[in-house]
Amino acid sequence: MGSELFYRGHDDEDETQQQKSDVVYTPKPNKPLLLITRPIRYVLREQRLIFVFIGIAIATLIFALLPSSSSPSPYTKFENDNALIANTYFPSSESNRILSQKSNVYHENRGGMGLISAGGKIPLGLKRKGLRIVVTGGAGFVGSHLVDRLINRGDSVIVVDNFFTGRKENVMHHLGNPRFELIRHDVVEPLLLEVDQIYHLACPASPVHYKFNPVKTIKTNVVGTLNMLGLAKRIGARFLLTSTSEVYGDPLQHPQVETYWGNVNPIGVRSCYDEGKRTAETLTMDYHRGAGVEVRIARIFNTYGPRMGIDDGRVVSNFVAQALRKEPMTVYGDGKQTRSFQYVSDLVEGLMRLMEGEHVGPFNLGNPGEFTMMELAQVVQETIDPNAKIEYRPNTEDDPHKRKPDISKAKELLGWEPAVSLRKGLPLMVSDFRQRIFGDHKDSADLSMATTTS
């Protein structure tokens with residue numbers, strides 16, 4: 001009996017040992033407060049906190065004494081670029097006046113937008129990254145001036161042009177620049193590129209050209225715009241369409257605001273351009289609403305300046321070329337039709353502000369100063385030849401009787417308005433035309449005198 005009790009007791013002891021061996025050891029979890037108090041105790045021990053404050057004070061003193069950047073800031077470069085353009089087209093004190101009217105400039109990168117204010121400083125270490133931009137029709141009159149501004153700003157520019165109305169001479173001065181590329185291509189055919197922004201200017205804009213080949217014009221406006229919008233959608237680029245004041249047709253509202261739907265003849269001789277641009281605006285807005293493409297729409301009013309086509313049928317170039325050649329200036333109709341004329345540098349400034357702003361548009365970009373055709377002829381006479389004759393001819397079909405932009409929207413949302421009057425800008429265009437027609441190279445002093453005395 002005693003041995004049996006002893007045996008059972010031994011059995012119980014073995015079971016207890018077995019249970020102890022089956023238990024897995026787990027360390028005691030840390031108390032939650034230790035995660036907070038332990039670093040604090042470490043910092044406070046041995047006066048470490050004092051050394052932290054001393055380091056912060058030394059770093060602050062160094063950054064305060066050193067200049068903000070050894071290289072010029074993006075805004076400084078923007079000012080320098082504007083000074084270069086202004087000194088070229090607006091000699092003497094005019095350049096200072098124009099530069100003083102520039103407001104904030106927005107630069108967009110794929111990573112976001114960086115605001116550069118006219119009175120502020122660039123934060124230390126931040127530099128504007130040049131954009132990669134395609135300009136369709138970039139060898140044309142307006143396009144080439146836009147390319148100049150973008151290149152001078154530090155962007156890389158790809159010009160796409162089929163040279164139907166554009167001229168290689170307009171962009172020849174950029175050949176050899178590693179940030180400039182020129183592609184001979186028609187936008188009615190697809191194009192694959194990787195860019196940040198698309199300025200879509202490609203389209204014959206003068207009556208001589210679009211009446212010569214109306215089918216080509218409508219294809220450029222519709223198929224070309226579709227191709228460039230498709231490119232913008234695929235690569236996530238921002239797209240700007242240069243539309244026209246012709247979307248208002250022969251307007252029944254004066255001056256024209258962006259909400260006016262126009263009075264256009266859809267089957268007239270000008271409809272390939274007028275209705276083509278209206279369709280291009282429709283496509284642009286549909287891609288914006290339906291596919292989320294970032295778009296901008298500019299409605300351009302009459303523009304003049306250097307590099308304009310000499311015989312393109314537009315009124316300013318016609319009058320200037322005819323007066324220089326001692327031919328009568330041809331006025332169609334009674335000469336009481338009105339137009340508004342903006343200098344090309346004002347338009348380029350407006351296009352860039354629109355592209356880099358946050359508003360879709362459409363925006364009227366034009367000079368609200370209104371001139372009749374007879375008044376324009378008189379300004380050309382004053383500038384070139386007081387004895388220039390005027391010849392009247394029958395008016396052309398569907399020629400608008402009045403044209404004047406309301407630019408209140410552009411003033412308010414873009415901070416833009418034209419700075420160059422007709423009497424200031426016309427002599428610069430005359431000098432360019434004189435050189436191209438006669439090879440008469442006037443020195444800069446003569447050009448400056450002609451500009452400042454106008």
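Which residue's side chain meets that of R353 in a salt bridge? The partner is E349, with N and O 2.7 Å apart.

## About the model

This is a predicted model, in which local features need pLDDT of at least 70 and side-chain atom pairs count only at pLDDT 80 or more, while totals for chains, interfaces and linings use all residues. Residues are numbered from 1 along each chain as its sequence is written, and side-chain values use heavy atoms, with hydrogens and water left out.

## Salt bridges within helices

A salt bridge is a side-chain nitrogen of Lys or Arg within 4 Å of a carboxyl oxygen of Asp or Glu, and by this rule the count comes to 21. R353 and E349 are four residues apart in helix α11 (residues 344–356), and about one helical turn therefore separates them; helices (H or I, at least four residues) and strands (E, at least two) are DSSP runs, numbered from the N terminus. Both R353 and E349 are buried, where buried means under 20% relative accessible area, exposed over 50%, and partly exposed in between (1.4 Å probe, protein chains only). Salt bridges that share partners join R149, E349 and R353 into one network.

In helix α9 (residues 271–291), R278 and E275 lie three residues apart, and their side chains form a salt bridge at 3.0 Å, N to O. R278 is partly exposed, at 28% relative accessibility.

D148 forms a salt bridge with R307, the closest N and O atoms being 2.8 Å apart. Because D148 lies in helix α6 (residues 141–153) and R307 in the loop between β9 (303–304) and α10, the pair ties together parts that are 159 residues apart in sequence. D148 is buried, with a relative accessible area of 8%, and R307 also counts as buried, at 16%.
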